[in-house]
Amino acid sequence: MKVADNFALTAVSVVDGHGGPPVDDQAVIVRDGRIDAVLPMAQYRRADDVQELALDGHYVMPGLIDAHVHLSGGRAQIDDQEIGVIAEPKLMRAVRSVYEAQQLLKRGVTAARDVSWNGLYLKRLFFEQQIPGPKVIACGPGLTRTGGHADLHQFTHDYVQENGVWGIMADGRDEVIKSVRMLLREGADAIKVFASGGDNWPHDRNHDVHYSFEELQACVEEAHRQKGTIVMCHAENREAINMAVDAGCDTIEHGEDIDEELAAKMARNGTILVPTLQLIVNWYRDFVPVGDAVQPKPRPDAFLYRDLYDSHDEAFGEQYSSQAVQSFQTAKAMGVKIALGSDTVYEPLTKYGEYSALEFRALVEYGMTTSEAITAATKTSSEAVGMSHLIGTVEPGKLADLLVLRQDPTQDPMVLYNADNIYLTFCDGKLTVQDGIFAW
Ligand SMILES: [Zn+2]
């Protein structure tokens, strides 16, 4: 199908991203990449310079926005999860990340906030429009302390600093400020900081706080000095989440330790939660084996003797999962804004595109209505990535990042989960995917 620069999607039902039911019998008019008008068919008038696409029975909604991905280009199994992703040459990983970004787009994800070196350059590649890709809102690598969650400790410090995927090490106020400035110089749209551990290896513990309040505050102040820069903060325990909120971080990633008091503060401050539920709830099922599933590692991790004999049994894993669900539900009940972020990190464990769809389904499974999950994945995610003035809703003036669906996405989360229902995907008003095949 060929679609002109100016076109109208007619007789469609519009799901605008604000959370209401579909509005039937509408026309969505796009001119030069932007939504020009959304109006009832009764008011629609055909114009000579506008191509008409009659789409009776179809639904139009904003493109999905995944607020947390790692286009890392790595391939790994559970046994060597972090080793696998940085042992390959950087160029191999960079090339593979193009495929990863394109897989997102094929599942209706028209924009994604990325934490990896690759994102800084994928962003430019797709903007050139020589090959199709989503908008990559780039963080570059996240700031991690030496020995922090994104420091892949199985390799030497220098090797990780040079070849790391997701993190650069910065310690103390001065290095944090310097790193933020360096990333902004490379074109980072947002800054990621790892405030707590994340259980990638035995001494990277969820319950440890990794940055001081002073370091976090320096990071946020420096990032916000360049107006519009969002700070996303990995925080997995109450102390780290609370500190991140007080330091002014814009979004909390994972955040599986939120009680009512903390949720109330987040709601007051407008701090957005990106719960990455699919990953967190399944962490001890799919990623870090517990109980009988624990196998000897091919090479020993650095470990803490005092923790060595604490075995994580299945009950521990299930307790962690239910705490994550509880934290999400508390945040939701207290009115915290919640965005969709899949934390797709490497294949084959998390498949690009599919994992975003799984996160959408998880938001509904653990407590959102399907309409609420659509708002999370569009409007709220656009706020989480600092792009709500451009994308996230079907409204005049916004960029025409649009999905045309065969079924009503508000009725059942499986409609969006099932890629067969995505008929057309427009990026900046350009038909980019038709039935899972790139259109240019
Ligand atoms: Zn992540």
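Modeller: Strands (E, at least two residues) and helices (H or I, at least four) are DSSP runs, numbered from the N terminus. Keep in mind that this is a predicted model, where local features need pLDDT of at least 70 and side-chain atom pairs count only at pLDDT 80 or more, while totals for chains, interfaces and linings use all residues. Residues are numbered from 1 along each chain as its sequence is written, and side-chain values use heavy atoms, with hydrogens and water left out.

Now find strand E6. E6 belongs to an open sheet of three strands in the order E6-E7-E8, with parallel pairing. E6 and E8 (135–138) are the edge strands, each pairing on one side only. On average, neighbouring strands here are turned by 20° against each other, direction ignored. (Axes are lines fitted to C-alpha atoms, for helices over the stretch in contact, and angles run from 0 to 180 degrees between N-to-C directions.) Between E6 and E7 (residues 109–114) there are four bridges, in the parallel sense, and Val-69 stands opposite Asp-114 in E7. Helix H13 (residues 370–384) lies across E6 and E7, at about 45° to E6; contact means heavy atoms within 4.5 Å.

Next, the zinc ion. Its protein donors are His-68 (NE2), His-70 (NE2) and Asp-343 (OD), 2.0 to 2.2 Å away. Donors are N, O and S atoms within 2.8 Å of the metal (3.2 Å for Na, K and Ca), and since water is not among the atoms, sites may look incomplete. Along the sequence, the donor spacing reads H-x1-H-x272-D. So distant parts of the chain get linked: His-68 sits in E6 (residues 64–69), and Asp-343, 275 residues apart from it, in the loop between helix H11 (314–333) and helix H12 (354–365). His-68 is buried at a relative accessible area of 0%, and Asp-343 is buried too, at 8%. Buried means under 20%, exposed over 50%, partly exposed in between (1.4 Å probe, protein chains only).

Finally, peek at H11, just mentioned. Among its buried residues are Gly-317, Tyr-320, Ala-324 and Phe-328. The cover over the buried residues of H11 includes helix H8 (260–269) and H12. After H11 comes Gly-335, with a positive phi near 85°.

Note on methods
Two strands pair if DSSP finds at least two bridges between them.
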